[in-house]
Amino acid sequence: MPNLLVKPNGTSGLVHDITPQSAGWTYVGFGLNRLASGEKTAGESADRETCLVLVSGKAKVSVDGEDFGELGERMTPFEGQPYAVYVPKGSRWEATATTALDLAVCSAPGGEGYKTKVIRPGTHPQMTRGKATNTRYVTNIMPEDDNAAHSLLVVEVITPGGHTSSYPPHKHDEDNLPAESFLEETYYHRLNPAQGFAMQRVYTDDRSLDEAMAVEDGDVTLVPKGYHPVAAIHGYDLYYLNVMAGPSRVWKFNNAKEHAWLFTGV
């Protein structure tokens, strides 16, 4: 199994290029382009659908020659909701940075009948999930009920310093609907201030997989299976961008039974 903690490859250009082949799985791809103003990047979606997320900064974006103009508002991922663009399979996209830009390229197998779509801030309201030190703030970018994609699910989460997230532990690694869906998942992490760190554990019931990782600003963690809770260290807020995909575009999870009592208190 590949290393579950993936460090960025440099500080500019394509700093992450996670493919199904490099991750050792089937569905999810994740890339991160870090560009200076005026720099360009582009891609061909081929048989995969893509969600471009402007993590920070602004860019002029076009898909198959259709110009969507300059998109983006926030200059860090901690400043409000993102702009995103859904690109169906068989399409070509281009992005030209008009400021410093972090552009995430989220991908999964595509299907027929889906159309290019600009996803603007406010398309899906931010939700507060959890209580007390398990409180976090969730913005769906491509949720399962939007009927906008074949397999991609994309969401971002802000977890305040000292809080937990993806917790109590849950998993989605069995293709057993309606009880549970199988979804591979990536976490792209950012910290505020950037010198901070957070902790993430990925583990299965039988502990055949059990890894605890210190994640730093710009790291990606892979979740091929198992539970995957996150803890943000005091003093450092945590942002993460999740990409999920599997055989069905449904997020149906099961919680770790030994921690189920926590739902009465948090």
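Which side chain does the side chain of Thr-204 join in a polar contact of 2.8 Å? The partner is Asp-206. Keep in mind that this is a predicted model.

**Around Thr-204**
- You'll find Thr-204 in a loop, with strand E20 (197-203) on one side and strand E21 (210-216) on the other.
- Thr-204 has a relative accessible area of 9%, and buried means under 20%, so Thr-204 counts as buried.
- Setting aside neighbours within four places in sequence, the contacts of Thr-204 are Leu-209, Lys-225, Gly-226 and Tyr-227.

**The protein as a whole**
- Buried residues make up 52% of the 266.
- Take the contacts between residues at least 6 apart in sequence: 73% of them join residues at least 24 apart.
- The accessible surface is about 11,400 Å², and 49% of that belongs to carbon and sulfur atoms.

**A seven-strand sheet**
- An open sheet is formed by 7 strands, with antiparallel pairing, and the order runs E1-E22-E19-E24-E14-E13-E12.
- At the edges stand strand E1 (5-6) and strand E12 (127-129); each has a single partner strand, so one side of each has no neighbour in the sheet.
- Inside that order, strand E13 (residues 136-142) and strand E14 (residues 153-159) pair in the antiparallel sense over 5 bridges.

**Aromatic pairs**
- The count of aromatic pairs comes to 6.
- In one of them, the ring centres of Tyr-187 and Tyr-240 are 4.6 Å apart and the planes sit at 50 degrees, so this pair is tilted.
- This pair links distant parts of the chain: Tyr-187 belongs to strand E19 (residues 184-192) and Tyr-240 to strand E24 (residues 237-245), 53 residues apart.
- Tyr-187 and Tyr-240 are both buried.

How values were computed:
Residues numbered from 1 in each chain as written. Predicted model: local features only at pLDDT ≥ 70, side-chain atom pairs only at ≥ 80, totals over all residues. Heavy atoms only, no water. Helix = DSSP H or I, 4+ residues; strand = E, 2+ residues; numbered from the N terminus. Buried < 20%, exposed > 50% of the residue type's maximum accessible area, 1.4 Å probe, protein only. Polar contact = N/O pair within 3.5 Å; in protein donor to acceptor, adjacent residues only side chain to side chain. Contact = heavy atoms within 4.5 Å. Pairing = 2+ DSSP bridges. Areas by Shrake-Rupley, 256 points an atom, 1.4 Å probe, with all protein chains shown as cover. Phe/Tyr/Trp six-rings, centres within 6.5 Å; stacked < 30°, edge-to-face > 60°.
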